[in-house]
Structures are given as C-alpha cells and as structure tokens.
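Morning, everyone. Let me put one chain up on the screen and walk you through it.

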Amino acid sequence: MVNLALRSGLRWKVSLSIAAVSALVAVALSLVVHNAARVSMLDNSRDVMDERVQVAQKWYKKTGYPQFDAKIDDPRLPPQLRDEVEQGLRATYLEDKGSGAPEVWAAVPLGDGHVLSVHSRFADRFTVLDDLDRALVIGSVSVVVCGIALGVLIGEQLSRRLRKAATAARRLAEGDSEVRVREAIGGRVRDETDDLARAVDGMAEALQRRLEAERRVTADIAHELRTPVTGLLTAAELLPEGRPTELVRDRAQAMRQLVEDVLEVARLDGFAERAELQEIELAEFVARRVRIMAPDAEVRLVQDAHVSTDPRRLERILGNLLANSAKYGRPPVEVTVEGRLLRVRDHGPGFPAALLRDGPSRFRTGREDRAGKGHGLGLTIAAGQARVLGARLTFRNAEPAVDGGTGAVAVLWLPESAPTNTGSFPVINVPD
C-alpha cells in the first residue's frame, strides 16, 4: 500500500482557514439579517393591512359602501382567515406562493353576517429585500476576499520565518557552529517561532558543548596514549627475532596507527583544520599515488584537470578509499579520473546499508564478515578531509545493469573554487 501525503504551504492553510471562517460568519450573518428584515417587513405589512381594514370598516358603516379596494364576502378569501372571522375576530393572513412578494390579507366581520376584507402584495417593499440580499452577497464575498488576503499576508510572514529557521537549522546540521536560528529569522515580531528558535539554538549550543567535550576527551586520551605506545614500539625493537616478537610489533604498530587515526578524527571534528592549497594536475597526481599505494589497481584517465587543492589531504582521502577497497572489496580495483571527478570502485559485496543510509561512522565497519579487519575510521577520515577541501564525497553500490557488475563505488567531486573555511559541501550518501 502506498501512502500519499499532500504537502501544502502554511500560508495557504492559514488563508483557507481564515476564508472558511469568514465565509461561515458571513453566511450566518447574512441569513440572520435577511430573516430579520423579512420578518420585520411581514409584521409591518400585517399592521398596515390591519389599519386599512379598520378604516374601510368605519367608512362602510358611515356610507354603506366598501372603500379603499375593500370587498364584501370576497370569494378568494383564504379559508384560514374566513374561519377566524366567523369566530368574530379581526385577523390578518399571509399567503406566500413561493415567488414574488407574499399577499397580505386582512378581514373583519360585519354585524350583518358579512365579511369585509382587503389584500395587497406590497411588491415595492419586498423589492428592497432583494436589494438587501444583493448587498449581503457582495459584502460576504468582500469579507471572504479580504480574509484570504489577510490570511496570505499573515501566513506568508509566518512561513517565511519558519523557512529561515529551517535553513539555519540545516546549516547547523552541516556543521556551521556560528549560525543562530534566532538571528536568522530576525524581525520585530515576537511569537512562537521565536520560542522555537531559542529552543533550537539552546539545543545546538548544548550539543556543541557536549561534542566538544567528547572530542577533547578523545583527543586527550589518544594524546596520552602516544607516549606509552611509542615506548612499546621502541621496546619491541629490542626483543629477539622470532614469531612472538613479530606479533608484538604488529599489534603495537596497529595500536599506534589507531591512536594517530583517533587524533586525526578529533582534529577534523573540531572544524579547525585548514587546507594548504596548491595547483596540481589531478590525473598525474592520482596515477603516481596509486602506483605507490595500490600497484594492482587499474587507473583510467578519462579527462585531466588542474585543481587547487591540498595534496596531502587529497592523498589521505585516496589512500583511505584504496585501503577500504583492499580490505573489504575484491579485485579488480578501478580508479577513474574524469575532470574534477575521482572515482574508486571495487568488485566486492558493496557498502553496507547502514553506511549508505547514515554515512561513515567511526568504529563501525557495518558487516559481520569485516570484524577484526579495521576500526571503521578510514571512511570517516576521508569524509572529514573532503569537507576540509570543500569537496563532496558520495558512496553507493554498483548496479549490474548500469555499472556492469557489483561492488562499492566512492566518488569524490573536487570544487571549482578553493574553500575559504572548513568546507562548504557535506558528505552525501547515495543509496543503490
């Protein structure tokens, strides 16, 4: 089952809400005013006809002839009104046929058993009611239109502040520790968005302090381990040759490498690293480094490019990507240079799903069959160094139909312009 979600802007939701409320209020008020005006007109018409029938009764008593369009025993007299008059009552009656003005009757009994009655439609009066209805319709439409305009204005202001807050929050997530959401949204209005901005800023500062404390602890521990590990390596060199000595030297060297990697990760996490830029020919640089670091790898030079980058950091990224392919992939390992694009691919099982989803994470290799072969710091360091270079590093798995087989594919995009800070592009993980 596919879940479909309708996405709409906040300003349109506010506008539609205000328009709906305005329409309901306008319709309700129009109905109340229309009914009140109609009831008032009907009551006034009854009163007028009642006065007319009384005047006609007086003239009839004086002259013996009906006056003012009055009639004696009118055959069209409504039965309901006739019943009231037969009981000796003076009464009025409204005859509404559904179209036009209602016909208003008034009747009074005469002493000789006859009935004197008058009737009229008052068409001119009820024409005013039609004009009132048109005015109410125009007023209701005007209220709805003004409500929509007001809703768009209010919703746009609120939506713009929220968009600015979201942009600032994304910059925070990308590592820009200087940005503050409250300053980004600006404005003199104080509302719930300011409370949200202050809460996000507070959370970001708290997380930043915590991460900085963890980074310092990690760096301090690794720095303190440097001295004993160096001493251990020196002492291992003094041991007599043999298999036990080789094992001690191998483990001590692995521990030293781990300490150096942890220190490098801590420095990269501090966002204080700066690139030392040089102009290099990318194809020649990559070919020479690959021959040294991975002689069995295949180098494909599609297009050369001159780039301004830090050769040491670029070499570190390339070395870690090749080492990752050698440890966890299968040959052949292919390195392709295409302009500013550098691609490293192996033909192994590919990157684990967790890495494609969340990106490289320290001390996590992602596969059970990779346990004991590494510490999960190689790709983390490569991603951090790419950020310092202002480059973009992506990870994906090869597709048989497109790439002609399986394997892990890491792609590095070097920027056209030199970075002016710790990097302007985040690591992007492209799932297979």
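First, the ground rules. This is a predicted model, where local features need pLDDT of at least 70, side-chain atom pairs count only at pLDDT 80 or more, and totals for chains, interfaces and linings use all residues. Residues are numbered from 1 along each chain as its sequence is written, and side-chain values use heavy atoms, with hydrogens and water left out.

Now the overview. The protein chain has eleven helices and twelve strands. Both are DSSP runs, numbered from the N terminus: helices are H or I with at least four residues, strands are E with at least two. Of the 432 residues, 36% are buried. Buried means under 20% relative accessible area, exposed means over 50%, and partly exposed is in between, with a 1.4 Å probe and protein chains only. The chain exposes about 25,700 Å², and carbon and sulfur atoms supply 56% of that. Those areas come from the Shrake-Rupley method with a 1.4 Å probe; for residues, only the protein chains shown count as cover. Next, contacts, meaning heavy atoms within 4.5 Å. Take those with a separation of 6 or more: residues 24 or more positions apart account for 65% of them.

On to the sheet. Four strands form an open sheet in the order β1-β4-β3-β2, with antiparallel pairing. The edge strands are β1 (71-72) and β2 (91-95), each pairing on one side only. Two strands pair if DSSP finds at least two bridges between them. β1 and β4 (residues 115-120) pair over two bridges. Which residues are the partners in β4? Ile 72 bridges to Leu 116, and Lys 71 bridges to Ser 117. Ser 117 is also the bridge partner of Ala 107. β3 and β4 pair in the antiparallel sense over six bridges. Their hairpin has five residues between the strands, and there Gly 113 takes a positive phi near 90 degrees.

What lies across this sheet? Helix α2 (residues 79-86) lies across β2, β3 (103-109) and β4, at about 25 degrees to β3. Axes here are lines fitted to C-alpha atoms, for helices over the stretch in contact, and angles run from 0 to 180 degrees between N-to-C directions.

Next, the helix pair. The axes of α7 (residues 282-293) and α8 (residues 311-328) come within 11 Å and cross at roughly 50 degrees. That makes α7 oblique to α8. On this scale, under 35 degrees is roughly parallel, over 145 roughly antiparallel, 65 to 115 roughly perpendicular, and the rest oblique. From α7, the contact involves residues including Phe 285, Val 286 and Met 293; from α8, they include Leu 314, Leu 318 and Leu 322.

Now Val 344, in strand β9 (residues 341-345). Buried or exposed? Val 344 is buried, with a relative accessible area of 2%. Leaving aside neighbours within four places in sequence, its contacts include Leu 318 and Leu 322, along with Val 335 and Val 409. Val 409 is 65 residues away along the chain, yet the two C-alpha atoms are separated by 5.9 Å.

Last, Arg 256, in helix α6 (residues 243-269). Arg 256 is partly exposed, at 38% relative accessible area. Arg 256 and Thr 227 are 29 residues apart in sequence and 9.8 Å apart in space, C-alpha to C-alpha.

That's the tour.
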